[in-house]
Amino acid sequence: MEGTKKTQLIKPRIRQILSKELPSGLISKLPKHWVQIGDVLILPLREEFLPYKREIAEVYAQVLEVKTVLRKGRILGELREPHYEVIYGDDTVTVHRENGILYKLDAARIMFSPANVKERIRMAGIARPDELVVDMFAGIGHLSLPIAKHCGARVIAIEKNPYAFKFLVENIELNGVQDRMTAYNIDNREFPGEGIADRILMGYVIRTHEFIPKALQIAKDGAIIHYHNTVPERLMPGEPFQTFRRIAREHGYEAEKLNELVIKRYSPGVWHVVVDVKVFKV
Ligand SMILES: C[S@@+](CC[C@H](N)C(=O)[O-])C[C@H]1O[C@@H](n2cnc3c(N)ncnc32)[C@H](O)[C@@H]1O
């Protein structure tokens, strides 16, 4: 529990330094949790702290020994891009180490969710070395680098955003998997492969169901699809599998649910869920 002990010591130290600069009523409300990606910190700062944001960020940076501090904002749009404000430092590109993988990214502009860590680790043991895996929403290789690195499987990683793609290509090199991982900077709906994949990653939310027909086209008969989506709690546990099966049947496939995991709370009453589905042509 090294990390916990360290955090317990850090919090009083931050409060002690800032108590000289902030009104006393604010000290007990300072953020108690933060996300660290490489040497960049993402701090959730409420409105009332904004007049002091620079002083606060500087103290967190010094105590936690990071080069840059971002104010946490929202992740928006088709490409799931973060809108985070830089409040200390200027370099937002960093290398994050996790489970023996190096992830280089721009923490201000590319999503890297600490809550998805279990899924990234699960992927490291999911595939056999003789599989061909297609990652339809690769990002910087969040889920597919662990497969290439730790399972030794071949991976095709598709990423539409040119900026995320640049880091994906760098990460393939950084992790030494260029012999088995290839990246394409295209919209996955334009990917020409048909009936080729043993396994497909659909690490996306909100509109993932729109991409099911494309995933079926890329899949081999009997392939496994890791289908992520966001689901209102009142529709669980039937969803998201029911929608997947309905769309699969409309396209001449049967779907068998192998496993289902809740990844994280996405918003009030809505959960990010992944279902492992085996698909067969009928
Ligand atoms: C939310 S990120 C998730 C990254 C990773 N799959 C994970 O689950 O941690 C989704 C990525 O999909 C990319 N994306 C969105 N629509 C796409 C499309 N039609 N084709 C290819 N990539 C797409 C976005 O640019 C973004 O980098």
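Predicted model: local features only at pLDDT ≥ 70, side-chain atom pairs only at ≥ 80, totals over all residues.
**Entry 1: confidence**

I looked up the confidence before anything else. The chain has an average pLDDT of 95. A score of at least 70 is reached by 97% of the residues. I then went through the elements. Strand 9, residues 132-135, has the highest mean pLDDT among them, at 99. Helix 1, residues 2-18, has the lowest, at 74. I also checked the start of the chain. Over residues 1-5 the pLDDT stays under 50. For residues 1-5 I found zero contacts beyond four places in sequence. I read that stretch with care.

**Entry 2: domains**

Next I looked up how the chain divides. The domain assignment gives domain 1 as 2-91 and domain 2 as 97-281. How far apart do the C-alpha centres of domain 1 and domain 2 lie? I noted 31 Å between the two centres. I then turned to the contacts between the domains. On the domain 1 side, 12 residues take part. They are in contact with 16 residues of domain 2.

**Entry 3: the ligand and its shell**

I moved on to the ligand. There are 20 residues around the ligand. Which of them come nearest? I wrote down Phe 137, Glu 159, Asp 187, Asn 188 and Gly 203. Eight residues of the shell are nonpolar, six are polar and six are charged. Then I asked which domains supply the shell. Domain 1 and domain 2 each give at least three residues to it.

**Entry 4: backbone atoms at the ligand**

I looked up backbone N or O atoms beside nitrogen atoms of the ligand. For Asn 188, a backbone N or O atom lies 2.9 Å from a ligand nitrogen. For Gly 203, the distance from such a backbone atom to a ligand nitrogen is 3.1 Å. For Lys 160, it is 3.2 Å. How much of the ligand's accessible area does the protein cover? On its own, the ligand has 600 Å² of accessible area, and the protein covers 97% of it.

**Entry 5: backbone geometry**

Last, I checked the backbone for cis peptide bonds. One joins Met 236 and Pro 237, with omega about 5°. Another joins Glu 239 and Pro 240, with omega about 10°. Where does Pro 237 sit? I placed Pro 237 in the loop between strand 13 (219-232) and helix 8 (241-250). Pro 240 is also in the loop between strand 13 and helix 8.

I checked phi too. Asn 99 has a phi near 55°, which is positive although Asn 99 is not a glycine. Asn 99 lies in the loop between strand 7 (93-98) and strand 8 (101-106).

Technical notes. Residues numbered from 1 in each chain as written. Heavy atoms only, no water. Near = heavy atom within 4 Å. Polar contact = N/O pair within 3.5 Å; in protein donor to acceptor, adjacent residues only side chain to side chain. Areas by Shrake-Rupley, 256 points an atom, 1.4 Å probe, with all protein chains shown as cover. Nonpolar A, V, L, I, M, F, W, Y, C, P; charged D, E, K, R; others polar. Domains from an automatic or database assignment. pLDDT = per-residue confidence, 0-100. Helix = DSSP H or I, 4+ residues; strand = E, 2+ residues; numbered from the N terminus. Contact = heavy atoms within 4.5 Å.
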